[in-house]
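Please keep the sequence and the coordinates at hand while reading.

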Amino acid sequence: MATIRSVLLESVVVVVFFICFSVKLTYSEDVSYTLYDSETQLDSVISFNSHHTLHKRQSGSGNDSTTASPSQTSTPEYTEKEVSQNHKYYTSTVLRGSPNFNDYWDELFDVKHSEPLSGSHRVAVSVPINFKFKFYGHDVSKITIATGGFLYMSPFLHQWLTATQYIAPLMANFDTGLKNDSYILYRDFGDRFVVEWRDVFLQDQNHSDPFSFQTTLHTNGTIVFAYKEIPLSIQSIEIKNHPVKVGVSDAFYIDTIQGVKSKNGSHHRYSDSNEGIQRRTIYEYHRVEVDFGRIQSNTIVILDPLITCNIAKDCTTCLTQDDSFDCKWCPKVQRCSDGIDWLRQEWRDKGCEIQGSKNDCSFKDAKKGVSAATIGGVVVAVLFLTLLIMGGVWFFYAYTHPTSASGQWMINHRPSEMKAKMNKMKFWKRDSGTGEKYRVESTA
């Protein structure tokens with residue numbers, strides 16, 4: 001009996017260890033960053049669910065783990081538009097070896113750089129931008145620049161910035177403290193915002209030459225990655241201590257309040273009160289992954305935004321724009337969405353998934369004025385045509401049957417007879433107590 005219990009206990013221990021080890025592996029991809037922002041929100045318990053991808057990812061082949069040895073890159077011959085892909089929310093175009101590389105690269109002279117980003121490792125700083133940049137259709141006025149070669153785009157700040165909601169020209173384990181001349185620079189030009197990682201080194205592969213690359217955010221929502229110096233193939237960058245990503249990603253949040261409280265020996269769960277623990281779960285719903293094999297020195301990647309539901313500000317625009325998304329208008333929140341964006345929780349809680357259809361806001365209501373006018377015009381035209389046909393039939397009958405009542409009426413009211421009757425009519429002015437001023441009398 002003791003032996004059986006011992007075996008069962010060992011089995012449980014092994015299973016628990018395996019589960020814990022698996023969970024650790026699940027989150028080992030993400031690393032924490034030190035944030036410099038006065039409004040940093042770190043109160044919630046954060047959990048991720050990257051597998052809850054509601055829109056299928058458009059993946060390249062470059063995100064596979066590789067153990068290839070470091071190798072120098074070479075610049076191939078220029079191909080005007082080597083690759084153009086549709087990723088549902090963005091289209092990506094890759095230009096390699098372009099003679100017009102400098103058209104996409106901004107030389108940043110005499111620009112300020114953030115001290116926390118210089119001489120640091122895994123540090124991020126939030127900075128404002130002077131225009132509303134649309135990221136997956138959402139307006140962004142503040143971005144977070146990270147030493148690890150990426151921008152974090154969400155207003156909700158937490159330490160696990162590498163997981164999702166990023167713009168990553170080259171997310172990797174960069175450390176600006178390895179050399180004195182490594183900088184992270186940025187400048188707002190008004191029509192674009194440029195961030196440059198200049199002469200930065202990988203912490204665990206610093207034997208190579210430095211990396212230099214930029215990302216540019218344009219006012220129309222276009223994102224440009226420009227790679228000036230890429231001394232190693234991206235596939236050979238070590239992923240053990242930091243994820244390596246090239247592309248963009250977005251997510252939505254679901255908030256719950258969970259907790260137990262002992263009252264009279266019983267336990268109560270709170271989901272709507274201020275008591276308990278606030279938990280925010282982050283669901284990644286889309287990711288654009290650029291193939292690592294296409295990223296070399298003098299390479300340009302252009303990500304052009306596609307039309308999304310949440311940019312529509314009225315019902316008509318919402319229901320008549322591109323059908324790439326199933327756009328719906330929800331009257332309760334006065335917003336257009338396909339249900340998958342930053343405000344998904346409100347959309348779900350207000351019942352918009354049920355009510356937000358083309359029958360509610362409705363497409364018929366949106367076109368009501370035009371439809372009513374069209375129907376009214378058709379009715380008038382039909383009535384006029386009917387009267388015209390009936391008049392023609394009556395005239396033909398009266399003309400061909402002069403002895404009928406209709407024929408006699410037509411004879412008595414022919415133009416010559418009507419003129420004679422008018423000549424016999426007398427008009428005179430008369431004032432009376434009844435207010436009658438004019439009287440017409442005929443002797444016909």
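## The link of Cys-330 and Cys-352

In this predicted model, the disulfide that joins Cys-330 to Cys-352 has an S to S distance of 2.0 Å, and with -70° about the S-S bond the link is left-handed. Cys-330 belongs to strand β19 and Cys-352 to helix α4 (residues 352-355), so that distant parts of the chain, 22 residues apart, are linked by the pair. Cys-330 has a relative accessibility of 0% and therefore counts as buried, and Cys-352, also at 0%, counts as buried too.

## The other disulfides

How many disulfides does a search of the whole structure find? There are 3, and one of them is formed by Cys-309 and Cys-327, with sulfur atoms 2.1 Å apart. The torsion about this S-S bond is about -90°, which means that the disulfide of Cys-309 and Cys-327 is left-handed. Because Cys-309 sits in the loop between β18 (299-305) and α2 (315-320), while Cys-327 sits in the loop between α2 and β19 (328-330), the pair ties together parts that are 18 residues apart in sequence. Both Cys-309 and Cys-327 are buried.

Cys-318 and Cys-336 also form a disulfide, their sulfur atoms being 2.1 Å apart; here the torsion is about 75°, so the link is right-handed. This pair connects helix α2, which holds Cys-318, with strand β20 (residues 335-337), which holds Cys-336, across 18 residues of sequence. Cys-318 is buried at a relative accessible area of 2%, and Cys-336 is buried at 0%.

## Strand β8 and its partners

Strand β8 (residues 166-171) is mostly covered, with 6 of its 6 residues buried. Strand β7 (residues 150-152) runs antiparallel to β8 and is joined to it by 2 bridges, with Leu-151 standing opposite Ile-167 of β8. Strand β14 (residues 245-258) is likewise antiparallel to β8, through 3 bridges, and Lys-245 in β14 is the bridge partner of Met-171.

## Nonpolar cores

Which residues touch the most other members of the largest nonpolar core? Among its 61 residues, these are Phe-135, Ile-143, Ile-167, Leu-170 and Phe-211, while strand β5 (residues 123-135) supplies the largest share of this core, 7 residues. A second, separate core has 16 residues, including Ala-146, Phe-156, Tyr-166 and Ala-251.

Beyond its neighbours within four places in sequence, Ile-143 is in contact with residues that include Val-125, Val-127, Ile-129, Leu-151, Phe-193 and Leu-217. Leu-151, one of these contacts of Ile-143, is also the residue that stands opposite Ile-167 in β8.

Notes
Residues are numbered from 1 along each chain as its sequence is written. This is a predicted model: local features need pLDDT of at least 70, side-chain atom pairs count only at pLDDT 80 or more; totals for chains, interfaces and linings use all residues. Side-chain values use heavy atoms; hydrogens and water are left out. Buried means under 20% relative accessible area, exposed over 50%, partly exposed in between (1.4 Å probe, protein chains only). Helices (H or I, at least four residues) and strands (E, at least two) are DSSP runs, numbered from the N terminus. Two strands pair if DSSP finds at least two bridges between them. A nonpolar core is a set of buried Ala, Val, Leu, Ile, Met, Phe, Trp, Tyr and Cys residues joined through side-chain atoms within 4.5 Å. Contact means heavy atoms within 4.5 Å. A disulfide is a pair of cysteine sulfur atoms within 2.5 Å.
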